Amino acid sequence: MTNLINGILTNNPEIKPVASQQTKGLNIDTSGSVKPLKDRGRLLPSRIIGSPAEYVKDLKKDIVNIGKASKGKANDHELGRLNDLAMKAGSLALAAYLFIKNPLKLSKTMEFVGFGTFFASMALWPKISIQAPLRARTGVDIHQKYIDSQGRKKMLFQDPQYDLTDMYSKEDLNRIGKKLKVSENIPDREKFIKQRAKKTAVQGNTLWMLSAGLANPVMSALACNVAEKPINKIIEQVSLVNSEKALNEFLNGNLKTNKQVINTLKELEKYLANNADKTVDNRLIEQIIKLLPDTNSVTMPEEIKKSIKKLADAQATKAPLNLDVLKSKLSKIFPDKFSLLTEEDLTGSVNDILNRIKEKYGIVLNNKQKNDFKKILKQANQDTVQPKLSVISENIKNLGESLGSLSNGRKYIDNYINARVGDKSGTYIANQWTKVCNKLIKSLKLNEKDLKALMNGDVTVMTSAIENMTAGDCKKYNKLLTKLMSYISDYEQKTGKEFITAVENSAKQVCESAKTALNDNGFETLAHNIKSENAAGTMENLINNYAKERALGAKSSFYRLIQLLDLIKQDKSGVLTDRVKQALEGKGKKVSTESVHRIVNACKKVLMESTPTDYVEKLTTSKFKLDADEYKIVMELLFGGSEATVKEALETTASGGNLQRALDGLKEYKSEFMKKVANWQSDMTPELSRRTVTTATHSMNGVERSNLAGKPMNEFLSEAAEQVFNSRKWLKIFGGIMIAVTAATLIIGLTFGRKSKAEKQAEEESKING
Amino acid sequence: MVYQLGLQGKINKNIPNTIAFGKKEAQQKYDKDTLLDKELKKHPITLPIKIQTNKLANAFTKYPKKGLKGSKNANFYEFLTMGTVPYLAGSAMMMAVFNLASKFYKNEAMSSALKLGQKMALGVVFYGIGKTLSKKFIEKPLKWRYGIDVNVPYIKKIDELPEEDNKNNLVTYEYHKAYESVDFPYWNLFYNDKGENRNKYFADVAKKMGLSDAEHADQKVKHKIREKIVQTKTFSTLSSYLWAAVGVSIAMQKPFEDISFIPRKLKLDYGVTNPLKFVKLFGEKFWESCKSFVNNNDKKCKIAGRVLLGSAILVTLLGNFKTLFDFNKDRGTKSQAATSLIDKNKEKVVC
């Protein structure tokens, strides 16, 4: 609030007793009732961080004040506090809305984290960048609080024209005076100190207003950036533990059907009861499908539709003969006499009817007319009436319950799978992928230019960086490989065999139960679609395949990366050249520098660039240009050798025995790859490979092959570099802004509280005069 | 003892009803604090714009200069006026946080960063619009019903103290609102010069409030006006942040991903070649976003959107209800004024 009184006094020094008109008629003697309040104001302890208990107490007071203010009873101070409270409440409402709107757990959480960091930045920025440094240097706390005679907490230097520095004790003033270097032993020293303290506060508060807008959003964003990583980790861990616990409890029968399914079934039951008299038609079936529990399957609604239709058709009855319609149709054949026919005349076989109408009505039909007559009669006899909904409502209800149980089970299985290998951010697989990428790129110590080059596909930046790491004692390389293998080991543990077995067992149990229930209620086709021994596209298979494919895809890429690092090291040390020579000699091929070089390059190129189709085509495309023998040599070098070179590089003591899991995994991966991808028949064609292929040793489809091949390393590295580049760029820009704003604020703050020439002169004059 | 503060009866009748903009012009027209109600009536749109422009210019130039120097003439008005600096700088910085780095990204990362950045920037704009406009939902009805304009401005003449670098140019002007303080509304500005019409403003308000004692109108309605001002400020503040949240939520809807503010992209992706087409496209996206906000495909989101919008509407309506109806008509009567407003047994604050 502006100090109106001061302003008015400044402009209008004349103060007159009030005109009689204003008090006329009230006749109140105010002389004894209006008196100054006792001086109860005091300074509050100067703190950078306020106490939470005080905050809660103030909040309670502010909430009570809303009630008072809504009745029109509030003062400026209370309205000011109400504004702060409303701002926080509005922001909280917004955070809550965005929390609900965002589908991802991390994004949801970050809405509240953003809310918290924003208000924390608003409160902290002036304290750490202005208030604390100024207090340390000048002794003046520009946000010094006091409590007034009415118990209201206010800032001492809020209004520079409302001088409250009298509240300072002599000790305080001496302390401030000493820091502000106000001359000792001058008359009116306290006056000088108070003036300088006020001046410092005005300067500090102005700087606060000027810097806050630049600093708060950036500070808040940086805080969110820092908080995101640990929060993500916590969410990941909570999801892993909770999803496993919930699935186990469900499978053990300890969890009841969830509310959503129960509510859906209630809605269904209500609909069945309300529409019992309606005929089952397509529209009705569509409506029923919408009310059935969701089983998270794209194909199920169509299958359910077919099954309900089949069920309804089985209950359809023959339509009663509509004589008028029949007569009207028949009259088109032989117009005159069909109008006389009765229902009795039209019973029996067609020949009987024809004889009857010939005898009774003299109707004689030619061959064409006979045929048309037969067709019309046949059609009339085939007309059926679909059943009322009440006829099949019990079956539908049972279907709903079976699907409800399936939906419930799927929810737990899907949560279990998605927490580990779900295709969205914040899941274990996504976080592990980010960890591997960040570790790799950061270890390469690339500058912005190299990062950009790698982003654009120039992998030589990466190979030369790895080659540099392998120079000398390979410490850096070993450290990197050990770290990456420890991440992979953890990945193996969480998404390996145990995970797949758990999914398979759960899917089996849930689908088996649904299958039995559906079979019992006459929905055999649906039951078959959910679980069947010899069908590929059942729900059970889809669940299992999804988990396997997701887990395998990332795992293959991780191992492909390890192979690449190992290959670069082998190449640098010359081990690879020796192995190539041996392989060429083994195949009886000519060993030349050119051929060795070509094979070495092909090995690197395969790991860097090859796609599943390249393997199918035996790397014969212009990209690789390998003949059959060379193809075999490359495959054996990459996937046939031992893991000895990788094992040698591992700092086993650093990560204990866990690394053995990753080594075993690498061995298994290479063996699987050799068996299922690298060792394909030579006559395999791309066309054939697009279909599910059965060879003598294995059966696999394109998706499995693709997952086993993993991501080409040039793409992997480009994406990893991009991820690091983006976050580094953002951090560079806004970290830079934050540093610049902070530095500028601190430097400007250093000039505050200093004695001006006039102040120096005034002190000198005071000394002389005193 | 109640004191009359000097201005009463001194309003310069020669002040024309035109807007004084800039110090020189103000010096010629205003030799004391002056209510700008007549000017506002004549220039309802341009006067607030001019006042805001003046305040904004000072907030970025004159006041920081004074403040950083630690001038003894710096005051709380200047500090509050400088409050627009963090608002505007903060908004710009908020937009920058989500947009500045995206031009360095490529492909998908750039596209998704731009989409989010665009929505965040719109969110900042809609926050400001929602917060500012929504206050009018409560302030305007009060003005229409009782003639009380909580934002009625006055120009304040300040005689500053001489300083080291300024010893002569000591007169400055500030734009205040007569009702900016509920503890000290600037009542004097509402009295006419002399004679029968001295109480006219209060008499008019009293009449609209259903009170007919024109002679003591000021005494009767001042407390009621103060009460209405408190209620208006309370509810407009509470509702404004909810409307601001509604604004941001609308900006966060999916339809706003399908628009661009880059002319080249607008032309290529949306065939927008002139501003009119852009306004049309923006209008369409805004409407779709509003629909998505209250009728989202996701049930939880739909409910949340409706609850948020509902609370904003509810608080606004409650504000209208509280400010437009008087539930204690007796409060302004002579007897009540005598007994409750000045109670001999209670302590009174004297500033």
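Predicted model: local features only at pLDDT ≥ 70, side-chain atom pairs only at ≥ 80, totals over all residues.

Modeller: Helix H1 (residues 4–11) of chain A is where confidence in that chain is lowest, with a mean of 38. Compare helix H4 (residues 76–101) of chain A, where confidence is highest, at 95. Over chain A, the mean pLDDT is 84, and 89% of the residues reach 70 or more. Residues 682–699 of chain A also stay under 50, and for them the model has 18 contacts beyond four places in sequence.

Now for chain B. Its helix H8 (residues 200–208) has five names to look for: the buried residues are Tyr201(B), Phe202(B), Ala203(B), Val205(B) and Ala206(B). Among the parts covering them are helix H7 (107–146) and helix H9 (217–251) of chain B. After H8(B) comes Gly210(B), with a positive phi near 90 degrees.

Chain B also has an open sheet of three strands, in the order E2-E3-E4, with antiparallel pairing. Strand E2 (34–35) and strand E4 (171–177) of chain B are its edges, each pairing on one side only. E2(B) is joined by two bridges to strand E3 (residues 153–159) of chain B, and the two run antiparallel. To find this pairing on your screen, look for Thr34(B), which stands opposite Ile155(B) in E3(B).

Definitions and conventions: Residues numbered from 1 in each chain as written. Chains lettered and ligands numbered in written order. pLDDT = per-residue confidence, 0-100. Helix = DSSP H or I, 4+ residues; strand = E, 2+ residues; numbered from the N terminus. Contact = placed C-beta atoms within 7 Å. Buried ≥ 20, exposed ≤ 12 C-beta atoms within 10 Å, placed from the backbone. Pairing = 2+ DSSP bridges.
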